[in-house]
Amino acid sequence: MSQYFCSIVDNALCNPAQRMYFDLGEYRYGLTVVGDGEPIVCFHGFSESSYTWDAINLPGYRVIRIDLIGHGDSDIPDEDKAYTIPQMIEDLHTVIYHMVGDRYYLMGYSMGGPASRFLMPWNMKVKSKLILESGSVGIASDDERAERRKADEDLAVRIEDHDGAWFATRWAEAPIFESQKQLSESVEELIYLRRSNNSTYALACTLRGSGQGVMPYVGGDKLEKFSVEGLYVSGALDTKYTTIGRDIFGKLPNFKHVIVEGGAGHNVHIEKPQVFEQAVLDFLQKKG
């Protein structure tokens, strides 16, 4: 008998979806499934959840939006190992395989971008596609990576000393989210609620186990050997990730880099959802 179990619950999202739970050993993953068609597996960013994709509509596709461990409706394990990149990738592969098999597209925003990339080796039996939104390739320099680990540890300690409301307020003040101040009050409130509802313990564990300070660097030669067809989307106001898109992904023959103007920053799928949708659909439906 399988040790895995998937259950469906009722919900009332603004983008109609099935809310599901997938039991994986001693803990469970929360996920939502929207639409019908070819499967696209989506990952959210740090301190977000699968509900971040509520405004995105991709007709003709079955969108499986997974809460990363410690986020959203997924469980908050006590063991540190659950938050490390190797363990997370192994677990996510198991969840995805039992949901859709080994034929699917991958889409990841910010922290969800590396998760998508690291899962690609599991998904190479057939030609696939990868969509990255404001995703990192890691830090090449050992010294800079060590500095980032220290910064992440300092932030983790501060998060543990406060509550979710403190974190949500502080995180919204980060320069990378400056463009979100143009959003409506209702959308800003939804973002705040998703961030503040997270466990501060889980956020701290995530920074320590899978933050950029411990993430393997996958730029340069490693990406050149990456044969999957890809799309990289960044907002014009997000100069850091637009530079990554231009200088790294934009130079790969099998990748397309789309820069979204009109006030878009780090989180294009929330700030300019219709533009993001169209870029994704154009990419997925491209012939050849």
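These legends accompany close-up views of a predicted model.

Local features need pLDDT of at least 70 and side-chain atom pairs count only at pLDDT 80 or more, while totals for chains, interfaces and linings use all residues. Residues are numbered from 1 along each chain as its sequence is written, and side-chain values use heavy atoms, with hydrogens and water left out.

**View 1. The buried side of helix α8 (residues 239-247).** Let us start with Y241, T242, I244 and G245, the buried residues of this helix. Buried here means under 20% relative accessible area with a 1.4 Å probe, protein chains only; helices are DSSP runs (H or I, at least four residues) and strands likewise (E, at least two), numbered from the N terminus. These four lie on the same side of α8 because they cover an arc of only 155 degrees around the axis, taken from the directions from the helix axis to the C-beta atoms. Their cover includes strands β8 (229-235) and β9 (255-260), where contact means heavy atoms within 4.5 Å.

**View 2. F249 and the largest nonpolar core.** This core, a set of buried Ala, Val, Leu, Ile, Met, Phe, Trp, Tyr and Cys residues joined through side-chain atoms within 4.5 Å, has 80 residues, of which F43, L58, I66, M107 and F249 touch the most other members. Helix α1 (residues 85-100) gives the largest share, eight residues. Leaving aside residues up to four places away in sequence, F249 touches R117, L132, V137, L223, Y232, I244 and F255.

**View 3. Helix α2 (residues 112-119), largely enclosed.** Eight of the eight residues of α2 are buried, so the rest of the structure largely encloses this helix. Follow them along from G112, G113, P114 and A115 to S116, R117, F118 and L119.

**View 4. The largest cavity.** A cavity is a set of points, on a 1 Å grid over the protein atoms alone, where a 1.4 Å probe fits but cannot get out; lining residues have an atom within 4 Å of a point. The volume, the space filled by probe spheres set on the points, is about 100 Å³ here. Among the lining residues are L68, I85, M88, P114 and F118, and α1 and α2 each supply at least two. The lining has nine nonpolar residues, one polar and no charged.

**View 5. The second largest cavity.** The count comes to two cavities of 30 Å³ or more, and this one holds about 40 Å³. C42, W53, I56, L58, V63, R65 and M107 form its lining, with six nonpolar residues, no polar and one charged.

Key: Buried < 20%, exposed > 50% of the residue type's maximum accessible area, 1.4 Å probe, protein only. 1 Å grid on protein atoms, 1.4 Å probe; cavity = no way out; pocket = protein on both sides within 12 Å on 5 of 7 lines; lining within 4 Å. Nonpolar A, V, L, I, M, F, W, Y, C, P; charged D, E, K, R; others polar.
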